[in-house]
Amino acid sequence: MIAVRPAALLTVAAAVLLALLNLLPAASALHVPDFAVGLAGKYLSFALLGIAVDLVWGFAGILTLGHAAFFALGGYAMGMYLMREIGTRGVYGNANLPDFMVFLSWNKLPWYWHGFDHFGFALLMALAVPGALAALFGWLAFRSRVSGVYLSIMTQALTYALLLAFFRNDMGFGGNNGLTDFKDVLGFDLHSSVTRAVMLVLTALMVAGSLMLTRAILSGRFGSLLTAVRDAESRTRFLGYRPDHIKLVIWVLSALIAGLGGALYVIQVGIINPGEFAPANSIEAVIWVAVGGRGTLSGAVLGAILVNLGKTLFTGLLPELWLYALGALFILTTLFLPRGIMGLPWNRLTGLARGLRSGAKADVAP
Amino acid sequence: MSTQNLLYLDAVSVSFDGFRALNALSLLLAPGEMRAIIGPNGAGKTTMMDVITGKTRPDTGTVEFRGEHDLTKLDEPTIARLGIGRKFQKPTVFEQLSVRDNLLLSLKGKRRPFAVLAARETAEEAARIAGILATTRLADHATRQAGALSHGQKQWLEIGMLLGQDPELLLVDEPVAGMTDAETAQTADLLREINRTRSVVVVEHDMDFVRALDVRVTVLHEGSVLAEGNLDDVSNNPRVIEVYLGR
């Protein structure tokens, strides 16, 4: 865990700065346009997914290729609340049913949509549903001692199964189109600059909070135990530990963070559809972490932001080549930056800077 | 039946794909006893330890601990928590962690995830670690990464981790493999020291070491006990000589 505290502070400071500059009059030279705030909010939501992936991959050695499933489930839970918030403002003006249900000629709300007109309930579900799925999946997988590439394949299967399920109209989650056309959250207009600015800062605070929470957990005895389980799982059994339980705890915590990211994502991006379950999304999240630096937490945030910034720029210029660029990035990182951006010799740089500042001969810190 | 025995193995058999690794093996260990197990490769020494620690389930036979726990029905963590510690043939310490953290994780007590999450090092734990560091002569290396230790030091750290577990019975697989003569002698001293308060089963090839331990010896061959007694008796046993030297 390198520079987690500075990363948390920097994230919040940058988000506050962006939000403030966005609220400047449009004529001002320093004005930040609305779309940039929206993008930043999206990137920070992804950063939460990155932290979640790093937590299990970097610290518990579980290469998850299905974590976007937890992110998307959190997103759907929040999306259901936002759908209910539309009320009579939908195309069909039906106060009791979301538009897509009217379109499918359903006459009553499915039971699992009840309660989602309350923000608090939806937020709880955005955590509880991914958490419960992770608990079930993890319990079954870890107690059967499934690990390594087999577990990775199972996580891909999990997210793919959910993708197929959510595509079905019968599921009651809007099928192919997903949930969208949201109007407001807790009465605040989703399209207003102020709401977006506040959401950006809130997301940054959640990123910072997740960083600090995971750092606190990992720097204590639990972190040592997790390293032990990662590197020599069977040995921990002979010390009396149950590695399956240890992994389950971190796996569920990771899913909760991913779910929170998904919930914040939907509020700021304004749409959630089955595409979020696409296996490629989960693989992308692993690439963010690899690029930023596996097992560093702050690298997960950095990687999520940088790769997605690259994606935004690249898909604007050469959309059809993005996947090749992403693949090349992953290969190059693996070959030349095995410890990611955070693994670069930063302390030499800071040592150099310190040396220059003190006027002494720049000595290279070890 | 076996209340006077700490460990009681009766007619234990294990087969892997038709190969009989243990063949009606029976072994008794009294409380406080130290026993050396010798035998040629493939005699079943490691399989026996696997059976006692719950790693391998025997096909048939009885394995009891303290006359009350049927070890064939329990898994590794449960058996470890009952008070059976194991040192592996190849030293397995947690290489990324410091020597101190290795010992901290081994200390008897907090094992459940949330107990570990909430754990703060107590003064008692610190004292226990300091004691083990002194016993295993690793005090000067406490903050080093375990992976950076020499082979002999890793063996000692693993013995230290066994002490941290505070087990009633220690199973020690080839503790002096790869050690210098001086380290071997120190290890024999250490095991005798440990044996003052705990029972020990040592598997070893090094005859000088076994002689230095000066304890009852069990010779295994093809999965069962070939001979038992003090080292001189068993090494003069014609069947043992035949097995070791071949004919």
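This is a predicted model: local features need pLDDT of at least 70, side-chain atom pairs count only at pLDDT 80 or more; totals for chains, interfaces and linings use all residues.
Residues are numbered from 1 along each chain as its sequence is written, and chains are lettered from A and ligands numbered from 1 in the order in which they are written.

Select first residues 148–167 of chain A, which form helix α6 (helices are DSSP runs of H or I, at least four residues, and are numbered from the N terminus). The end C-alpha atoms of α6(A) are 29 Å apart, which agrees with the 28 Å that its 20 residues should span at 1.5 Å a residue (the expected span being 1.5 Å times one less than the number of residues).

Within α6(A), colour Leu151(A), Ser152(A), Thr155(A), Leu158(A), Thr159(A), Leu162(A) and Phe166(A), which are its buried residues (buried means 20 or more other C-beta atoms within 10 Å of the residue's own, exposed 12 or fewer, with C-beta atoms placed from the backbone). On the other side of α6(A), Val149(A), Tyr150(A) and Leu164(A) are exposed.

Finally, show both chains: the contact takes 19 residues from chain A and 21 residues from chain B (two residues are in contact if their C-beta atoms, placed from the backbone, lie within 7 Å). On the side of chain A that touches chain B, α8(A) gives the most, with 7 residues.

Terms used:
Helices (H or I, at least four residues) and strands (E, at least two) are DSSP runs, numbered from the N terminus.
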